[in-house]
Every structure is written in structure tokens, then in C-alpha cells.
Amino acid sequence: VMTEVWRSVDEYFTGQLLAPDPVLDAALEANALGGLPTIDVSPAQGKLLHLLARSVGARRVLEVGTLGGYSTIWLARALPADGRLVTCELDPHHAEVARANLARAGLDAVVDVRVGPALDTLPTLDGPFDLAFIDADKASNAEYFRHALRLSRPGAMIVVDNVVRGGRVVEAGSDDPSIRGTREVTEVIAAEPRVEATIVQTVGAKGYDGFLLAVVN
Ligand code: SAM
């Protein structure tokens, strides 16, 4: 019952605050046609990422976990003409769909889709980045965070998605790799003097989850 309320509230505010967007709609259609899972951020969450990137004056953005590039489009649209976004994707088919979506969005010159395990790509990257969005396999979140921090400028923002997991994050003894990875990254961040962090629990069209937001000192 609550999920229906969350969904209709999401739809209400999305209808009020987000302009109709044929390019983003086309990306979601292409994802569905390509058989991609519907695990992109919601429209309201995508716009949050866009606004965060604008707020930090982002010129360079790092993303871990591209899928079909839905969040990538939101983030890349926050960049100036000479901005750059590097996004890491394991699955070549996801990357192919994303590249087509980004080309349709007119962002192929701004976005660099790197195919392969993110832990192979990240050590090859040079910073500094102004914002990092971590949204791939959750088991590796702590490693992704360490790379994002290494690649960040002071004042950069690091966003980790899906940290609440329907509330299951509090299950300390869980053997679910996603729960363990989420708890591990939280512990790493808690012990890391170079960042200040908080979390935002979210409900909406995508259920009950949350973002961890960290700012690099
Ligand atoms: N950020 C996307 C969005 O909101 O539109 C959603 C990303 S989806 C939740 C996670 C993606 O991470 C999937 O496309 C998956 O193939 C990719 N992935 C999984 N393991 C990975 C790895 N080791 N390296 C890079 N990408 C990985």
C-alpha cells in the first residue's frame, strides 16, 4: 500500500518539477528493447544527480555502473561544453545500448564509456574529478570509493547509490554480498578523515533505498 503512495507522490512531483524529456524517454525505451534490467535511477533521482553536479560546478564526472546511460545523461547534461564524464560498465551489451542513448542525447563527445570490470579501469584513470557516482556491483563499493577518493579534488562530491536496500542494510550478520559491501563502504567512509558524509533514505517509484553523500575535505 505504501509503495503505491510513494509512486503517486513521485509521479506528482516529477510531473510538476521535471519537464517532459523525449531523449530520456527514448533511452528508457531503448533499454527495454535491449532487454536491460530496469535498475536505472528514477527521473527525480536523476535530476538530483544533475543538480548535485551543477552545485559542485562539475567539469569532470566519474560514474561506476553505466547500464543504459540513463543516469549518465542526467549527469553529463550538467557539464559545460568542454566537460568530461567517464563511465565504467562491465557488460558490453549495456555499454553498446548506452553509447547509442548518449549519441541520441548529443553527448557522445562528452562521455567516455569504458567497457570492462571497473576495478580494471579505475586504476588507469587520472583525476581530478568533481563528482563521482558509484552505482555498480555493491560488493565492490569500498574499492570503488577508495578509487573515487583518490581521483577527487577537494570539495568534490562522492555519491553511493542503493545503500539502504529496503532496510536490510542494518542486518549486521547478513551474508548478502550487496549488504556486506554497503556496510563495508560505510565503515571505510566513517573511518576516513578526508571526507564528511551523510545518508538520505529515499522512497518512490524505485521502492525504499537511499544515497550516501560524501564531500571531500
Ligand atoms: N547508473 C545506472 C543508471 O542509474 O542508469 C544504473 C547502473 S546499474 C544499477 C549497475 C550496472 O553496473 C550494470 O549495468 C552492471 O552491468 C554494471 N556492473 C556490474 N558489475 C560491474 C563491474 N565490476 N564493473 C563495472 N560495471 C559493473
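How many salt bridges does the structure hold?

1. The structure holds 10 salt bridges, a salt bridge being a side-chain nitrogen of Lys or Arg within 4 Å of a carboxyl oxygen of Asp or Glu. This is a predicted model, in which local features need pLDDT of at least 70 and side-chain atom pairs count only at pLDDT 80 or more, while totals for chains, interfaces and linings use all residues. Residues are numbered from 1 along each chain as its sequence is written, and side-chain values use heavy atoms, with hydrogens and water left out.

2. Helices (H or I, at least four residues) and strands (E, at least two) are DSSP runs, numbered from the N terminus. Side chains of opposite charge can pair when their charged atoms come close.

3. Around the ligand there are 22 residues, of which S71, E89, H94, A118 and D135 come nearest; a residue counts as near if one of its heavy atoms lies within 4 Å. The shell divides into 11 nonpolar, 5 polar and 6 charged residues, with Gly counted as polar and Tyr as nonpolar. Helix 4 (70-76) and strand 2 (84-89) each supply at least two residues of this shell.

4. Polar contacts (pairs of N or O atoms within 3.5 Å) include a polar side-chain atom of D135 at 2.9 Å from a ligand nitrogen. A polar side-chain atom of Y144 lies 3.3 Å from a nitrogen atom of the ligand, and a polar backbone atom of V41 is 2.9 Å from a ligand oxygen.

5. The backbone deserves a check at two places. G127 and P128 are joined by a cis peptide bond, with omega about -5 degrees; P128 lies in the loop between helix 6 (118-121) and strand 4 (129-134). L67, in the loop between strand 1 and helix 4, has a positive phi near 50 degrees. Most residues other than glycine have a negative phi, and most peptide bonds are trans.

Definitions and conventions. A polar contact is a pair of N or O atoms within 3.5 Å; within protein, one must be able to donate a hydrogen and the other to accept it, and residues adjacent in sequence count only if both atoms are side-chain atoms.
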